Amino acid sequence: MTSEDSPDALIDALVRCTFQVTGALTRIGGENDLSLTQLRVLGILRDRRPRVTDLAAYLGLDKSTMSGLIDRAERRGLLARDRNPHDGRAVDVFLTPAGQELTQRLDVEIRRALVPQLDRLQSEQREQLLGLLASLLDPTGGR
């Protein structure tokens, strides 16, 4: 592989990896009557209580689409909304106990689906991959 081919090969590998992970997440979501976007929402809410508008922006959705997703999850008893304690005009969204239980179960299923691929790597390779992915995912570009 030459340096000119490197970006194409990397992009191809990233896309193939994304397809593999997305396929596993889509299957697990489907088995739990969740769309991929709903699965993403639950994953985001595992450890935070964002404002509805921030959640929508992070997912790249408009506020009405986000509200519809939250409405459906509320009817299933997975999410709830409440006023932000610091800004009474803002609304936060968070997991209910049922949503927390489902999210924990989904985490186990996702790990079960993805660990076999990671087990192909040696410990040092996993650490290296983690560092590289962290660099790619850092919104500041590592600055």
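What separates Arg111 and Asp107 in helix H5? I began with this pair: being four residues apart in helix H5, Arg111 and Asp107 are separated by about one helical turn.

**Entry 1. Conventions**

I note that the model is predicted, so that local features need pLDDT of at least 70 and side-chain atom pairs count only at pLDDT 80 or more, while totals for chains, interfaces and linings use all residues. Residues are numbered from 1 along each chain as its sequence is written, and side-chain values use heavy atoms, with hydrogens and water left out.

**Entry 2. Overall fold**

I looked up the secondary structure and found six helices and two strands in the protein chain. Helices (H or I, at least four residues) and strands (E, at least two) are DSSP runs, numbered from the N terminus. Read from that end, the order of elements is α-α-α-α-β-β-α-α. Along the principal axes, the C-alpha atoms fill a box of roughly 55 × 35 × 25 Å. Of the 143 residues in the chain, 27% are buried. Here buried means under 20% relative accessible area, exposed over 50%, and partly exposed in between (1.4 Å probe, protein chains only).

**Entry 3. Salt bridges**

The criterion is a side-chain nitrogen of Lys or Arg within 4 Å of a carboxyl oxygen of Asp or Glu. Side chains of opposite charge can pair when their charged atoms come close.

I then examined Arg46 and Asp107, whose side chains meet in a salt bridge at 3.8 Å, N to O. Arg46 lies in the loop between H2 and helix H3 (52-59) and Asp107 in helix H5, so the pair ties together parts that are 61 residues apart in sequence. Arg46 counts as exposed at 51% relative accessibility, and Asp107 is partly exposed at 24%.

Asp107 also forms a salt bridge with Arg111, where the closest N and O atoms are 2.9 Å apart. Arg111 is exposed, with 53% relative accessibility.

Next I checked Arg49 and Asp92, which meet in a salt bridge at 3.1 Å, N to O. This pair links distant parts of the chain, with Arg49 in the loop between H2 and H3 and Asp92 in strand S2 (residues 91-95), 43 residues apart. Arg49 is partly exposed at 38% relative accessible area, whereas Asp92 is buried at 3%.

**Entry 4. Cavity**

How many cavities of 30 Å³ or more does a search of the whole structure find? I found one. On a 1 Å grid over the protein atoms alone, a cavity is a set of points where a 1.4 Å probe fits but cannot get out, and a pocket is an open set with protein on both sides within 12 Å along at least five of seven lines; lining residues have an atom within 4 Å of a point. Grid points are joined across faces, edges and corners, and a volume is the space filled by probe spheres set on the points.

The largest cavity holds about 80 Å³. Its lining includes Leu34, Val41, Met66, Ile70 and Arg76. Helix H2 (36-45) and helix H4 (63-75) each supply at least two lining residues, and H4 gives the largest share, with four. I counted the lining by class as nine nonpolar, one polar and one charged. Ala, Val, Leu, Ile, Met, Phe, Trp, Tyr, Cys and Pro count as nonpolar, Asp, Glu, Lys and Arg as charged, and the others, Gly among them, as polar.

I recorded about 2,000 Å³ of space in the largest pocket. Among its 38 lining residues, Cys17, Val21, Leu114, Leu133 and Leu137 are the closest to its centre. Helix H1 (6-31), H2, helix H5 (97-118) and H6 each contribute at least two residues to the lining, and the largest share, ten residues, comes from H1. The lining divides into 24 nonpolar, six polar and eight charged residues.

**Entry 5. A loop residue**

I looked up Asp33, which is found in the loop between H1 and H2. Its phi is near 55°, a positive value in a residue other than glycine. Asp33 is exposed, with a relative accessible area of 59%.
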